[in-house]
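Here are my notes on this model, as numbered points. Please read them with the structure open.

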Amino acid sequence: MSGASQINTLGVLGAGQMGAGIAHVAALAGLEVRLADADLARAQAGKAGIAARLARDVEKGKLAAEAVEAALARLTPVDGLAALTDVDCVVEAVTERESLKLELFRQLDAACPPHAILASNTSSIPITRIAAATRRPHKVVGMHFMNPVPVMKLVELIRGLATDEETFAATEGLARRLGKTTVVARDMPGFIVNRVLMPMINEAVTALYEGIGTRDDIDAGMKLGTNQPMGPLTLADFIGLDTCLAIMEVLYQGTSDSKYRPCPLLRQYVDAGWLGRKSGRGFYTY
Ligand code: CAA
């Protein structure tokens, strides 16, 4: 155990796609990781997924078997966030729902040691508001990873109004230790990446809605015409249409600016349960 400026033991709350990705890179980087979800079984399932992905990297010759074995030995699934009692920092990566995050930050504040930093991987909820749910707002910070975490190089860092410099510097050091490059965004709706990315995706959905191009032509146009690795509709399916809609709602409501109005077609797909890759159908079928 050490001061907040030295993060050796990392808690990750949420063992889904993002949380598992964060636990994966942290364990490989040599940190002790405690992976928590609503219960132990979910945390164990998260670890099993990480183990399978790491095994594929060994097969491809990208990682040594010993390095993977050591990383997995450092990664411990735990039973709920109440077990995060020996961590220097927690990164929360649960569903993007404000009421849930506020409640979990209250619980993290009670469970974690006083020196621990509480970071949120939120893609759009104000860090200042999350911080205010705790008695340590100076130790709350935004640490926004991109999907898929092991592949994407960026972490967006966000200071809440009360975040202190020691917390910010320790978080920056952690991101660097995980092999990521950081950018700093103000605590405003969408931060940098989603402020720019989501309106582009929303506009691609609008282009489809208005019949400006077919699905395939919109994606091919942006992929081949602007050198993006995926077309915007493919990327929307990859991120999850419910997540895209939730972020557009945050931009729209947070700025009160009609230019962020979610496309009705995006809303209709979400209403239908067509959420993209994870539900088997979005703009494409999987
Ligand atoms: N976990 C670990 N590694 C993964 C992975 C995952 N989930 N998915 C893909 N990879 C790895 C593959 O193993 C492969 O590695 P090697 O080249 O070493 O073998 C590499 O990534 C490339 O994968 P593929 O060959 O299967 O496919 P690809 O070349 O089409 O790349 C991609 C896939 C990396 C996802 C690429 O299409 C891409 O960069 N897409 C854009 C992703 C993006 O924009 N992400 C940000 C979304 S926004 C966000 O996350 C913020 C938010 O708040 C919404």
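**Notes on the predicted model**

1. H24 lies in helix α1. The model is a predicted one, so local features are given only where pLDDT is at least 70. Is H24 buried or exposed? H24 has a relative accessibility of 4%. The cut-off for buried is under 20%, so H24 counts as buried. Leaving out residues up to four places away in sequence, H24 touches I50, R53, L54 and P150.

2. A20 also sits in helix α1. Its relative accessibility is 3%, so A20 counts as buried. Which residues does A20 touch, not counting those up to four places away in sequence? They are G14, A15, G46, I50 and R53. A20 and L35 are 15 residues apart in sequence, and their C-alpha atoms are 8.0 Å apart in space.

3. Now the nonpolar cores. The largest one has 36 residues. Inside this core, L10, M143 and F145 have the most contacts. Which helix gives the most to this core? Helix α1, residues 17–28, does, with seven residues. A second core is separate and has 25 residues. Among its members are V78, C112, A133 and F191. As a general matter, nonpolar side chains tend to be buried together in soluble globular proteins.

4. Setting aside neighbours within four places in sequence, F145 is in contact with M18, I22, V91, N121, L154, V155 and L178. L154 is also a contact of V193.

5. V193 is found in helix α7. Besides L154, V193 is in contact with M146 and E156, again leaving aside neighbours within four places in sequence. V193 and S124 are 69 residues apart along the chain. Their C-alpha atoms are separated by 9.7 Å.

6. Check the peptide bond between N147 and P148. It is cis, with omega about 0°. Where is P148 found? P148 is in the loop between β6 (140–145) and β7 (154–159).

7. Two residues other than glycine have positive phi. For N227, phi is near 55°. N227 is found in the loop between α8 (215–226) and α9 (232–239). Its relative accessible area is 72%, over the 50% cut-off, so N227 is exposed. For S256, phi is about 50°, and S256 is not a glycine. S256 lies in the loop between α10 (241–255) and α11 (264–271). Its relative accessibility is 66%, so S256 too counts as exposed.

8. L235 is found in helix α9. At 17% relative accessibility, L235 falls under the 20% cut-off and therefore counts as buried. Not counting residues up to four places away in sequence, L235 touches L197, I201 and M230. The C-alpha atoms of L235 and D219 are separated by 9.2 Å. Along the chain, L235 and D219 are 16 residues apart.

9. How do α7 and α11 pack? Helix α7 covers residues 193–209. The angle between α7 and α11 is about 90°, and their axes are 8 Å apart. An angle from 65 to 115 degrees counts as roughly perpendicular, so α7 and α11 are roughly perpendicular to each other. From α7, the contact uses N202, V205, L208 and Y209. From α11, it uses P264, L265 and L266. By class, this contact has six nonpolar residues, one polar residue and no charged residues.

10. Last, the aromatic rings. A pair of aromatic rings is described by the distance of the centres and the angle of the planes. How many aromatic pairs are there? The count comes to two. One of them joins Y269 and W274. Their ring centres are 5.1 Å apart, with 90° between the planes. Planes over 60 degrees apart count as edge-to-face, so this pair is edge-to-face. Y269 has a relative accessible area of 16% and is buried. W274 has a relative accessible area of 28% and is partly exposed. Ring pairs link Y269, W274 and F283 into a cluster.

Technical notes
Residues numbered from 1 in each chain as written. Predicted model: local features only at pLDDT ≥ 70, side-chain atom pairs only at ≥ 80, totals over all residues. Heavy atoms only, no water. Core = buried A, V, L, I, M, F, W, Y, C linked by side-chain atoms within 4.5 Å. Buried < 20%, exposed > 50% of the residue type's maximum accessible area, 1.4 Å probe, protein only. Helix = DSSP H or I, 4+ residues; strand = E, 2+ residues; numbered from the N terminus. Contact = heavy atoms within 4.5 Å. Axes fitted to C-alpha atoms, helices over the stretch in contact; angles between N-to-C directions. Parallel < 35°, antiparallel > 145°, perpendicular 65-115°, else oblique. Nonpolar A, V, L, I, M, F, W, Y, C, P; charged D, E, K, R; others polar. Phe/Tyr/Trp six-rings, centres within 6.5 Å; stacked < 30°, edge-to-face > 60°.
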